[in-house]
Amino acid sequence: MPQRIIVGLDGTEYSKSAIHWAIRRANVFGAVIVGIAILDVPGIEKAAIGAGLGASFYAKKSIDTKLEDASAKTKEFMNEFETLVKEAGIPYEMYLKIGDPVDVFMEEGKTADLIIMGLRTYFQFETTQQPDDELIRRLLKDPVCPILGVPKKIQPHRTVIIAFDGSPESARAMRLYTHISPNIPDTYAVKVLTVSDSLEEGQYLLGRAERYLNTYGIQPEKIWRTGIPEEVIYQTAMEHMPCMVVMGVYMDKKTFLFGHRTQKLMEDGTIPFLVYH
């Protein structure tokens with residue numbers, strides 16, 4: 001049961017969606033929401049230094065201007081967050097951190113139960129043109145706590161798809177779901193998806209997952225399919241929209257891609273997913 005939920009504040013619609021997802025869960029579990037805004041000083045300085053040594057005066061002036069602008073914007077994000085959680089009556093903490101966004105969330109995640117952030121983020125708004133998925137991709141390489149990535153549009157899911165392949169990572173993700181999601185007053189169906197070339201193996205894995213979920217009062221629908229896991233998970237999610245996907249991320253020794261099964265979901269950007277390592 002999550003008692004400390006971190007939410008990233010960057011002023012985007014994705015961030016606002018993350019705040020609402022956090023409030024909803026905090027209401028159910030009596031959790032504290034920790035709002036994190038970031039001044040990406042290292043990124044701003046790096047971008048300015050790129051102007052060259054001969055332009056050091058202008059580089060410093062540029063840094064000062066960008067930092068002043070970034071400080072003003074982050075205060076707006078934090079004020080908006082504070083207003084929303086106070087109106088919802090949710091206990092909260094709020095911090096302005098300085099540093100690389102990945103480093104900040106990796107450190108803060110060590111003392112949190114869940115990180116909720118947009119599938120696109122814009123913490124580096126002074127040095128990038130638009131929101132992107134670089135931050136969440138980098139966090140997925142070695143997540144220190146579960147991550148719930150949410151889309152821009154606030155749309156409660158009606159279906160939960162648990163991708164289970166028998167790996168320790170997928171088992172931990174399924175277990176996590178039972179610990180942070182039961183008793184939420186939603187009307188939704190839980191479906192366990194196994195992708196395997198063998199029907200016998202698929203049925204065996206689905207049976208194990210079903211028995212585990214049954215102990216939590218969850219009666220899942222079992223889905224067995226063949227194909228490329230990444231493609232099948234994405235296709236199944238699209239068939240059951242609006243939904244949330246629960247899955248583990250890990251290094252695939254054959255492809256040497258970390259968390260590559262989240263690739264299609266992140267590219268799409270409209271499907272919330274809960275991932276754990």
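**Entry 1: L9**

I looked up the contacts of L9 (heavy atoms within 4.5 Å), leaving out residues up to four places away in sequence, and found S15, I19, G35, I36, A37, F77, M78, F81 and F123. The model is predicted, so I note that local features need pLDDT of at least 70, that side-chain atom pairs count only at pLDDT 80 or more, and that totals for chains, interfaces and linings use all residues. Residues are numbered from 1 along each chain as its sequence is written, and side-chain values use heavy atoms, without hydrogens and water.

I located L9 in the loop between strand 1 (4-8) and helix 1 (13-29); helices (H or I, at least four residues) and strands (E, at least two) are DSSP runs numbered from the N terminus. L9 has a relative accessible area of 2% and is therefore buried (under 20% relative accessible area, with a 1.4 Å probe and protein chains only). I also noted that 8.3 Å separates the C-alpha atoms of L9 and M117, which stand 108 residues apart along the chain.

**Entry 2: T236**

I found T236 in helix 8, residues 229-239. T236 counts as buried because its relative accessibility is 0%. Its side chain forms a polar contact of 2.9 Å with the side chain of R225 (a pair of N or O atoms within 3.5 Å; within protein, one must be able to donate a hydrogen and the other to accept it, and residues adjacent in sequence count only if both atoms are side-chain atoms). Not counting residues up to four places away in sequence, T236 touches I161, L193, I223 and R225.

Methods:
Buried < 20%, exposed > 50% of the residue type's maximum accessible area, 1.4 Å probe, protein only.
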